[in-house]
Structures are given as structure tokens and as C-alpha cells.
Amino acid sequence: MKQLRIKVLVGLFLVAGVLAWAGARLWDSLGTLPSVPLAAPIVLALIAAVLAATALSFRARLRAQRERRSGAKGVEPLVAARAVVFGQASALVAALVAGLYGGAGVFLLISGMDVAPRRDQAIYAGLSVLAGAAVVAAAIFLERVCKLPDDEDEAGATAA
């Protein structure tokens, strides 16, 4: 399984942001701009919380297992792999969604926030970008927690 690349996530965010900004300009010239839902940052924040809680739980369980505490409950490898895949997929989607809302938010900031609904939309878009960044951070943390340590002794023995 490949690790998440920050460059890929940033690139996805930027491309989606530019396309969303251009699309928002076009859409606004044709009529009214679609609104940013209030649920967007809430859902992204919930996903970030689930990923972070999973990572913290796995980290505590793995630490207890390494320290050989009595009654320590380990982490099933398949469960860890599924959690990492969920985290990676969530990070990719969050980067895309944050880019879309970021582009729309930039358009709203540039076009003027003198109207209360546009100001609210810009705030929701900004919160969505922050929540998307939290999802990416939690997914990377989960991936680091579930990463297997490099086994240099076995690698050196097989090379000889």
C-alpha cells in the first residue's frame, strides 16, 4: 500500500480550487451562485474526529502491546489496513472538497462580502477548508500510527 503524498493532496486542492473559482465566476455571471451548505464543515469535522480518534486508539493499543502490558489488546492487521485505506480515501476526497469550497470562498471574498448571505457563504467555505485540512492531517497521523517499523536486521540478512 502506497503512502499518501502531500504533493498530490496539495496539487488536487489547488486544481480543484482554480476550477471552482473559474466555475463560480461563470455561474455568478449567468445567475445566482449555488450556496455552500452549513453541513459541509460539520461533516468534514466529524470525519476528522473519527480518523483522529481511531489513530489515538490504535496508538495507545500498539504502545500497550509493545510494552507487553498484561491484558493489552492488539490491533488486527486487517482492521489497521482498512482504517488506513479509509483515511487515505478520506484525505483525497477532503483535499478535493476543500479545494472546491476554497475556490468558491476566494471568489466570494473577491466579489465583495457586503451582502450578509455572501458573507455567510464565505465563512462556511473557509470553515470547510479548515475542516478538510483537519481530515488530511488526521489521515496522515493515522497512516503514521499504523505504519510498520522498518526491519533493517532482516533486510541486511537477506542481502547477504
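Predicted model: local features only at pLDDT ≥ 70, side-chain atom pairs only at ≥ 80, totals over all residues.
Biologist: What makes the end-to-end span of helix H1 agree with its residue count?

Modeller: H1 covers residues 6-30, which is 25 residues. Residues are numbered from 1 along each chain as its sequence is written, and side-chain values use heavy atoms, with hydrogens and water left out.

Biologist: How does H2 do on the span test?

Modeller: H2 (residues 39-66) has 28 residues and reaches 40 Å from its first C-alpha to its last, close to the expected 40 Å. Just after H2, Arg 68 takes a positive phi of about 55°.

Biologist: What makes a stretch a helix here, and how many helices and strands are there?

Modeller: Helices are DSSP runs of H or I with at least four residues, strands are runs of E with at least two, and both are numbered from the N terminus. By that count the protein has five helices and zero strands, and the pattern along the sequence is α-α-α-α-α.

Biologist: Why is the protein called more spread out than a compact globule?

Modeller: The radius of gyration, taken over C-alpha atoms, is set against a globule rule of 2.2 Å times the number of residues to the power 0.38. For 160 residues the rule gives 15 Å, and the protein comes in at 20 Å, well over that, so it is more spread out than a compact globule. Its C-alpha trace spans about 65 × 40 × 20 Å along the principal axes.

Biologist: Is Ser 90 buried or exposed, and how do you know?

Modeller: Buried means under 20% relative accessible area, exposed means over 50%, and partly exposed is in between (1.4 Å probe, protein chains only). Ser 90 has 10%, so it's buried. It sits in helix H3 (residues 77-111).

Biologist: Why does Tyr 124 count as partly exposed?

Modeller: Its relative accessibility is 22%, which falls in the in-between range, so partly exposed is the label. Tyr 124 lies in helix H4 (residues 116-146). Its contacts, leaving aside neighbours within four places in sequence, are Val 36, Pro 37, Leu 38 and Pro 41.

Biologist: And what label does Phe 141 get?

Modeller: Phe 141 has a relative accessible area of 30%, so it too is partly exposed. Phe 141 also lies in H4, and it touches Ala 55, Leu 56 and Arg 59, not counting residues up to four places away in sequence. Phe 141 and Gly 87 are 54 residues apart in sequence, yet 9.2 Å apart C-alpha to C-alpha.

Biologist: Which residues of H1 and H2 are buried, and what covers them?

Modeller: In H1 they are Leu 9, Ala 16, Gly 17, Ala 20 and Ala 24. The buried residues of H2 include Leu 44, Leu 51 and Phe 58. The cover over H1's buried residues includes H3 and H4, and the cover over those of H2 includes H3 and H4.

Methods: Contact = heavy atoms within 4.5 Å. Expected span 1.5 Å × (residues − 1).
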